[in-house]
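Reader: Got a model open here. Can you walk me through a few spots on it?

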Amino acid sequence: MFTGIVEEVGQLKFAGPGKLVIAARKVLEGTRLGDSIAVNGPCLTVTAIGNADFSVDVMPETLRRTTLGTLKPGDKINLERALALGDRFGGHFVQGHIDGTGKIVSFVPEGDAVIMKVSAPPQITRYAVEKGFVAIDGISLTIVECDAHSVSVSLVTYTQNNTTFADKRPGGLVNLEIDIIAKYVEKLAGKYKPEMTLEFLAQHGFA
């Protein structure tokens, strides 16, 4: 479990079949083999630790659903260690389970902030609501506007300067994770929703 608050921007050192090696410092503090680190959003398991880097294995399913397969040595990466008991919770519940990818449409300045619009498929945007949450490349963000084909979020100056968004441009791909609560609500509502029949209405005093 993560919060979507990026701790450090690392740098990719090596990308091979099913393996990434990432240069980092802060997220290595207290990290042990088998721990989880969110790497541009996806939750990955640490398989090796060096003096200033760590390795993770990447499954085919992860490569299919995320942008990790497009990374090249030298690319910057958002990193966050898994939430520890007693930590401050500054973002929202982020699982590190990516729903799919989106494409950056535009960056529009608004005062000191920047409104970033991201196009996404309907199976993702169906869960988006204004003032709800979305994790983009592992960053917890509040949705300021959404429709059937896109979500827009506001990037404060700190987020602009301390995440990979500093290097993003329109057309770039990003990992998207919608708030899990929306999906649970949809499933439960569909599972327990009774059929609206005359018999049902009569049983409940409406007919």
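Author: Start with Cys 146: it is partly exposed, at 29% relative accessible area (buried is under 20%, exposed over 50%, partly exposed in between, with a 1.4 Å probe and protein chains only). This is a predicted model: local features need pLDDT of at least 70, side-chain atom pairs count only at pLDDT 80 or more, and totals for chains, interfaces and linings use all residues. Residues are numbered from 1 along each chain as its sequence is written, and side-chain values use heavy atoms, leaving out hydrogens and water.

Reader: How many disulfides?

Author: The count is 0, taking a disulfide as two cysteine sulfur atoms within 2.5 Å.

Reader: Switching topic. Where is Ser 140?

Author: Ser 140 sits in strand β10, residues 139–147 (strands are DSSP runs of E, at least two residues, numbered from the N terminus). Ser 140 counts as buried because its relative accessibility is 16%.

Reader: What does its side chain join up with?

Author: The Ser 140 side chain has a polar contact of 2.7 Å with that of His 92. That term means N or O atoms within 3.5 Å; within protein, one must be able to donate a hydrogen and the other to accept it, and residues adjacent in sequence count only if both atoms are side-chain atoms.

Reader: Where's Phe 93, then?

Author: Phe 93 is in the loop between β6 (76–81) and β7 (100–110). Phe 93 counts as partly exposed, because its relative accessibility is 46%.

Conventions. Helix = DSSP H or I, 4+ residues; strand = E, 2+ residues; numbered from the N terminus.
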